[in-house]
Amino acid sequence: MTMQVRIFEVGPRDGLQNEPRHLSVDTRLALIGKLAATGLRHIEGGAFVSPRWVPQMADSEALFQRLPEDDGVNYSALVPNGQGLDAALRAGCREVAVFAAASEAFSRNNINCSIDESFERFTPVLQAAKAAGVRVRGYVSCVLGCPFSGAVAPDAVAAVARRLHALGCYEISLGDTIGAGRPDETARLIEHCARELPVEALAGHFHDTWGMAIANVHAALSQGVRTFDSSVAGLGGCPYSPGASGNVATEDVLYLLHGMGFETGVDLDAVARVGTWISAELGIANRSRAGRALAARSAEHR
Ligand code: HMG
Ligand code: MG
């Protein structure tokens with residue numbers, strides 16, 4: 001039996017949306033091309049959100065227009081509303097993602113509406129996407145805590161996840177936006193969500209603020225989750241989640257998974273080289289532990 005795990009690379013979106021240095025469309029396209037060359041088959045390339053809210057994601061339309069069409073990579077983008085979907089369709093996107101929250105306060109801060117209002121917006125988005133033959137992924141934020149209102153009950157997360165799935169999202173990515181969850185809480189959360197929808201339809205999206213992200217990946221893996229969002233060089237963060245840091249690093253996830261015998265189709269050394277490059281482009285230290293270890297090893301052998 002092969003053991004396969006899908007890696008959903010979110011570096012070009014989550015990874016860049018909170019960086020003080022804003023990258024040009026050319027550099028973002030170079031990043032996406034380098035990531036695709038490592039074997040990654042799911043890459044979130046940008047977000048069709050208000051450039052006033054997230055200037056780092058401006059010009060996603062121009063970016064998506066220039067992505068290759070038939071290279072076997074699933075390029076996805078965030079859309080918060082009908083305006084975002086229209087832009088995504090114009091740019092030729094084949095997959096989009098709507099993003100909800102399990103906490104009212106975060107929903108208000110991130111997309112300026114309540115959870116119920118967000119579903120009123122998503123309903124026509126899902127209908128129009130379906131009519132256009134575009135797949136829709138769904139995110140739930142704040143699954144292990146909210147930066148504004150604190151603890152979030154697993155049942156509240158499961159309810160939002162179920163609603164997104166019922167609306168037609170093919171997969172629900174559970175986001176520990178603030179990166180504060182611990183593995184026992186993650187396992188309990190997955191258990192609750194798997195009562196409401198198939199575990200195959202769940203993905204883990206862990207931020208690493210408190211150093212628990214890779215442990216949370218392991219906990220979700222133990223509960224049967226087989227899709228993980230991660231970000232090259234551990235980039236990431238949400239501008240509307242104060243104090244939150246990067247996503248679990250793709251390099252670290254690959255190191256864990258390959259060591260456990262899982263197949264991903266992704267070349268760890270190649271991702272590590274992209275991590276070194278993009279960290280230099282952004283003028284920041286590489287946040288991937290595995291990436292730094294590999295870079296040190298190749299410097300020794302030089
Ligand atoms: P709003 O101000 O309530 O929107 O923002 P509005 O409908 O009243 O429109 C106001 C202005 O925004 C208008 O422009 C619209 O045209 C424009 P104006 O006439 O003032 O010049 N506008 C748009 N422009 C471009 N694209 C659009 C769009 N929609 C309206 N789609 C809105 C509501 C949702 C737009 C805003 O709150 C927004 O853009 N929020 C996005 C926030 C965001 O991107 N957060 C980060 C991503 S989520 C995340 O990181 C979590 C995740 O990683 C999982 C996890 O970690 O938990 C996914
Ligand atoms: Mg995120």
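**Close-up 1. Arginine 137 in strand 5 of the predicted model.** Arginine 137 belongs to strand 5, which spans residues 135-141; helices (H or I, at least four residues) and strands (E, at least two) are DSSP runs, numbered from the N terminus. Because its relative accessibility is 0%, arginine 137 counts as buried (buried is under 20% relative accessible area, exposed over 50%, partly exposed in between; 1.4 Å probe, protein chains only). This is a predicted model, in which local features need pLDDT of at least 70 and side-chain atom pairs count only at pLDDT 80 or more, while totals for chains, interfaces and linings use all residues.

**Close-up 2. Side-chain polar contacts of arginine 137.** The arginine 137 side chain forms a polar contact of 2.8 Å with that of glutamate 171 and another of 3.4 Å with that of tyrosine 139. A polar contact is a pair of N or O atoms within 3.5 Å; within protein, one must be able to donate a hydrogen and the other to accept it, and residues adjacent in sequence count only if both atoms are side-chain atoms. Side-chain values use heavy atoms, without hydrogens and water, and residues are numbered from 1 along each chain as its sequence is written.

**Close-up 3. Aspartate 59, a non-glycine residue with positive phi.** Phi of aspartate 59 is about 65°. Aspartate 59 lies in the loop between strand 2 (42-47) and helix 3 (60-65) and, at 52% relative accessibility, is therefore exposed.

**Close-up 4. Cysteine 142 in the loop between strand 5 and helix 7 (154-167).** Cysteine 142, also not a glycine, has a positive phi near 65°. Its relative accessible area is 0%, so cysteine 142 is buried.

Methods: Chains are lettered from A and ligands numbered from 1 in the order in which they are written.
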